[in-house]
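Subject: Structure for you to look at

Hello,

Here is the structure I said I would pass on. My notes on what turned up in it follow below.

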Amino acid sequence: MQEFDAIRPYGDEEVEGAVKRLSNDPDFLLMVGRFRSPFLARWFPGLLRNRVRAWLWKQFGSARAIRDIQLRVAEHVTELVNRTTTRLTSSGLERLDPESSYLFICNHRDIVFDPMVVNHLLHLHGFDTTRIAIGDNLLKNPVFAEMMRLNKSFVVQRDIQSPREMRQVFLTLSGFINHSLDDGHSIWIAQREGRAKDGVDLTDPAIIKMFYMSRKKEGLGFAEAMNRMRIVPVSIAYEYDPCDADKARELETRDRTGSYTKAENEDSEQIVKGLTGFKGHVHVHFGVPISDAPDNAKDLAARIDAEIHANYHLHASNLVAYNMKGMHPSAHDTPENVSEEVVTAESWTRAELEAAEEELERRINACDAAIRPYLVAMYANPVISSLTALNASQTHQTVSER
């Protein structure tokens, strides 16, 4: 693993030192304190730091392995999930083998909650947790970097200008991912760089090409290498997005000015908001491992997209947004030859639809008028993606019958 030192997560032998550093870091202690007691964090930060330090040492002071850390964190994750969702459901895990490693390629809605909830579900169903791909832009804060490396995260370097440097970075990343899978460690990675702020989930073929780089050196063909990776498309669907207004504001600013500059600590603030904000019903679908991959990255990316869209769990909030005619001009078009009545096949009650309409209208009215269409579109677009997937499936079935 020495060749991957620059990007790898911590090993068991590094746990004790990391816990000691975090337990003595005032910024980390105050950050944890804000979760546990916002009042004390504001008025008595020194007292709160001492209390959090004692609590951390009691919880994690004897940990000597990554598994120790994760087992002790698990109950707090359960508490967080219960507090911020009305329910958490999943499908598809019964078709996976807890003894196998997989490459989970997931649509991306929230910076930290996405991989956390996937690992939470894997843990509850007897699977080992994954190693998590995380952008280096989130590791500028050394405290957050320490936390994430303790949580089996590895670094994906971004904003690389030199093509030669980019190739070497991608080759190292490809080698680490394939080495992890071969060694029995599953991987979680988003289907593209950054969150899909507009609700349109599309896999970047460049990520697929990166997976292949280290296998190509071994002489494997593309399809064979992808089949070996046991790629599992994962769809995560939030009824409500705690960061929806922030995302809509960024999208509107980009469209109006051509660019968007993040404020200092914006990522950190959205991490906290995404973790602690209300999400309603969250559903995660785990697809069937791809064993018949096409022979090029573009077609494989499209295959992953089709799986994610077809198995995306639509919520009443999505249908309400979709039916707000004229409110989402930036939403991509509904495919032809598919009745919108298909969308109502979900078993939503009138009360659920009315509650979703009331909540969505509350969120819309809380926004500036300029960003409202963007907020509606991010909830409506998953419906359109699902209809597109359904249309493609029906077309394929018709052709096959001919």
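**What was found**

Glu 361 is found in helix α15, which covers residues 350-365. Please keep in mind that this is a predicted model. With a relative accessible area of 37%, Glu 361 is partly exposed. On the surface, Glu 361 gathers with Glu 354, Glu 357 and Glu 358 in a patch of negative charge.

There is also a nonpolar patch on the surface, formed by Phe 39, Trp 43, Phe 44 and Leu 47. Together these residues have about 460 Å² of accessible area. One of them, Phe 44, lies in the loop between α3 (38-43) and α4 (45-60). Its relative accessible area is 43%, so Phe 44 counts as partly exposed.

**Salt bridges**

The structure holds 21 salt bridges.

Glu 79 and Arg 83 meet through their side chains in a salt bridge, at 3.6 Å from N to O. Both residues belong to helix α5 (residues 66-84), and because they are four residues apart there, about one helical turn separates them. Glu 79 is partly exposed at 47% relative accessibility, and Arg 83 is partly exposed at 48%.

Asp 201 and Arg 109 form a salt bridge with an N to O distance of 2.4 Å. Asp 201 sits in the loop between β5 (187-190) and α9 (205-217), and Arg 109 in the loop between β2 (103-106) and α6 (113-124), so this pair ties together parts that are 92 residues apart in sequence. Asp 201 is buried, with a relative accessible area of 3%, and Arg 109 is buried as well, at 7%.

In the salt bridge between Arg 256 and Glu 252, the closest N and O atoms are 2.8 Å apart. These two residues are four apart in helix α11 (residues 244-257), which means that about one helical turn lies between them. Arg 256 counts as exposed, with 56% relative accessibility, whereas Glu 252 counts as buried, with 10%.

**A buried serine**

Ser 386 lies in helix α16 (residues 372-401). What does Ser 386 contact, leaving aside its neighbours within four places in sequence? The residues in contact with Ser 386 are then His 309, Tyr 312 and Leu 314. Ser 386 has 14% relative accessibility and therefore counts as buried, the cut-off being under 20%.

Regards

How values were computed. Residues are numbered from 1 along each chain as its sequence is written. This is a predicted model: local features need pLDDT of at least 70, side-chain atom pairs count only at pLDDT 80 or more; totals for chains, interfaces and linings use all residues. Side-chain values use heavy atoms; hydrogens and water are left out. Patches are made of residues with over 30% relative accessible area and no salt bridge: like charges are joined within 9 Å, nonpolar side chains (Val, Leu, Ile, Met, Phe, Trp, Tyr) within 5 Å. Accessible areas come from the Shrake-Rupley method with a 1.4 Å probe; for residues, only the protein chains shown count as cover. A salt bridge is a side-chain nitrogen of Lys or Arg within 4 Å of a carboxyl oxygen of Asp or Glu. Lys and Arg count as positive and Asp and Glu as negative; His and the chain ends are not counted. The place of a charge is taken as NZ of Lys, CZ of Arg, CG of Asp or CD of Glu. Buried means under 20% relative accessible area, exposed over 50%, partly exposed in between (1.4 Å probe, protein chains only). Contact means heavy atoms within 4.5 Å.
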